[in-house]
Amino acid sequence: MYILTNNKNEIIAISKVCERIEEYRNIKLDDHNIAYAPDEIINIYEVDTVDESVAEQKYCYTEADGFYENPSYVEPVNPNAEMEALQEQVTNLQLALAELVEGGI
């Protein structure tokens with residue numbers, strides 16, 4: 001199993017296949033390729049196993065520290081969930097306003 005990290009040690013890919021093609025600045029992986037800029041650093045580590053909780057971007061890796069949670073990782077926002085939460089807040093505010101109006105305030 002291969003772990004690819006960027007210069008911040010963030011995992012950018014986990015793959016069973018890893019072949020660096022220097023002349024094209026490309027790395028061939030299981031299901032896709034990664035192209036990289038000439039000045040970009042991509043580290044490749046071969047490891048025995050990867051726990052299934054380890055996810056790209058969410059974890060970092062170094063040989064000295066092993067796998068660890070990425071301190072700068074932020075969960076992506078789900079726009080649909082955010083919209084539903086906002087709609088629920090609006091509905092609750094409308095109900096509260098209606099109760100105030102009915103109460104004569």
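This note goes through the predicted model point by point, from overall confidence to single residues.

1. Confidence. The model is predicted, not experimental. Mean pLDDT for the chain is 90. Of its residues, 98% reach 70 or more. Strand E5 (residues 33-35) has the lowest confidence, with a mean of 87. Strand E7 has the highest, at 97.

2. Elements. The chain holds eight strands and one helix. Read from the N terminus, the order is β-β-β-β-β-β-β-β-α.

3. Overall shape. The radius of gyration is 23 Å. For 105 residues the globule rule gives 13 Å, and the chain is well over that. It is therefore more spread out than a compact globule. The C-alpha trace spans about 75 × 30 × 25 Å along its principal axes.

4. Burial and contacts. Buried residues account for 23% of the 105 residues in the chain. Now take the contacts between residues at least 6 apart in sequence. Of these, 40% join residues at least 24 apart.

5. The sheet. Three strands make an open sheet, in the order E2-E1-E6. The pairing is antiparallel. Strand E2 (11-15) and strand E6 (43-46) are the edge strands, and each pairs on one side only. From one strand to the next, the twist averages 20 degrees.

6. The E1-E2 pairing. Strand E1 covers residues 2-5. Four bridges join E1 and E2 in the antiparallel sense. Within this pairing, Leu4 stands opposite Ala13 in E2. In general, strands of a sheet pair through backbone hydrogen bonds, either parallel or antiparallel.

7. Aromatic pairs. How many aromatic pairs are there? The count comes to two. One is Tyr45 with Tyr61, an edge-to-face pair. Its ring centres are 5.0 Å apart, with 65 degrees between the planes. Tyr45 sits in strand E6 and Tyr61 in strand E7 (residues 59-62), so the pair ties together parts that are 16 residues apart in sequence. The other is Tyr61 with Phe67, and this pair is tilted. Here the centres are 4.7 Å apart and the planes 50 degrees apart.

8. The aromatic cluster. Tyr45, Tyr61 and Phe67 form one cluster. Which of these residues are buried, and which is partly exposed? Tyr45 has 15% relative accessibility and counts as buried, because the cut-off is under 20%. Tyr61, at 9%, is buried too. Phe67 is partly exposed, with a relative accessible area of 29%. Tyr61 takes part in both pairs, with Tyr45 and with Phe67.

9. Tyr73. Where does Tyr73 lie? Its place is in the loop between strand E8 (66-69) and helix H1 (79-102). Tyr73 counts as partly exposed, at 28% relative accessibility. Leaving aside residues up to four places away in sequence, Tyr73 touches Gln57 and Lys58. Tyr73 and Glu10 are 63 residues apart in sequence. In space, their C-alpha atoms are 9.2 Å apart.

10. Points to look at in the model. On the sheet, follow the order E2-E1-E6 and find Leu4 opposite Ala13. On the aromatic side, view the cluster of Tyr45, Tyr61 and Phe67.

Methods:
Residues are numbered from 1 along each chain as its sequence is written. This is a predicted model: local features need pLDDT of at least 70, side-chain atom pairs count only at pLDDT 80 or more; totals for chains, interfaces and linings use all residues. Side-chain values use heavy atoms; hydrogens and water are left out. Two strands pair if DSSP finds at least two bridges between them. Helices (H or I, at least four residues) and strands (E, at least two) are DSSP runs, numbered from the N terminus. Axes are lines fitted to C-alpha atoms, for helices over the stretch in contact, and angles run from 0 to 180 degrees between N-to-C directions. Rings of Phe, Tyr and Trp (its six-membered ring) pair if their centres lie within 6.5 Å; planes under 30 degrees apart count as stacked, over 60 as edge-to-face and the rest as tilted. Buried means under 20% relative accessible area, exposed over 50%, partly exposed in between (1.4 Å probe, protein chains only). pLDDT is the predictor's confidence in each residue, from 0 to 100. The radius of gyration is taken over C-alpha atoms; the globule rule is 2.2 Å times the number of residues to the power 0.38. Contact means heavy atoms within 4.5 Å.
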